[in-house]
Amino acid sequence: MVGVELSERMGVDCSEQVGVIIGIRIDIVTQAVRLCLVPTVLSLLGNRVVIYPNDHRPAHVHVIGGGNEAVFDLRCPSGPPELRENYGFSRRALRQLEAELTDEIALLCGEWSRIHG
């Protein structure tokens, strides 16, 4: 799954050229373009789990939602994921996210390998 599914739910057609979107502030256009380009590998508890194509090692994911972002090192191949950075998620939400990421560790490590080789 790529950010296309989420962008469609937001009313953004990733097949459109950005130049034809008129009357929208540039930051909104930029956000729409990012949704089309950033691989969303999973949706957890209403948050997007993304892997940026040009990101650095070690294998990790960004969990984004509700104006918050957290970064978890995956510790592939078998985890468990470890919180590296948090910008706004509550401790309770982080525990829930970590548990969900642990359940999906094989999928996430596979996606990291697919995207980064």
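I began with R84, which forms a salt bridge with D73, the closest N and O atoms being 2.9 Å apart. I noted the rule for the term: a side-chain nitrogen of Lys or Arg lies within 4 Å of a carboxyl oxygen of Asp or Glu.

Before going on, I reminded myself that this is a predicted model, where local features need pLDDT of at least 70, side-chain atom pairs count only at pLDDT 80 or more, and totals for chains, interfaces and linings use all residues. Residues are numbered from 1 along each chain as its sequence is written, and side-chain values use heavy atoms, with hydrogens and water left out.

**Entry 1: the salt bridges**

I looked up where the two partners sit. R84 lies in strand β5 (residues 82–87) and D73 in strand β4 (residues 68–73), so the pair ties together parts that are eleven residues apart in sequence. Helices (H or I, at least four residues) and strands (E, at least two) are DSSP runs here, numbered from the N terminus.

Is D73 buried or exposed? I found D73 buried, with a relative accessible area of 13%, while R84 is partly exposed at 30%. My cut-offs: buried is under 20% relative accessible area, exposed is over 50%, and partly exposed is in between (1.4 Å probe, protein chains only).

R84 also meets E85 in a salt bridge (3.5 Å, N to O). E85 is partly exposed, with a relative accessible area of 27%. Through shared partners, salt bridges join D73, R84 and E85 into one network.

I then turned to E82 and R75, whose side chains meet in a salt bridge at 3.7 Å, N to O. Both ends are partly exposed: E82 has a relative accessible area of 41% and R75 has 45%. How many salt bridges does the structure hold? I noted four.

**Entry 2: helix α4**

Next I followed α4 (residues 105–116), a helix of twelve residues. From its first C-alpha to its last it reaches 16 Å, close to the 16 Å expected at 1.5 Å a residue; the expected span is 1.5 Å times one less than the number of residues.

Which residues of α4 are buried? I listed I105, L108, C109, E111, W112 and H116.

What covers the buried residues of α4 includes β1 (40–44), β2 (47–50), β3 (60–65) and α3 (91–103); contact here means heavy atoms within 4.5 Å. Last, I checked what comes after α4: G117 follows, and its phi is positive, near 80 degrees.
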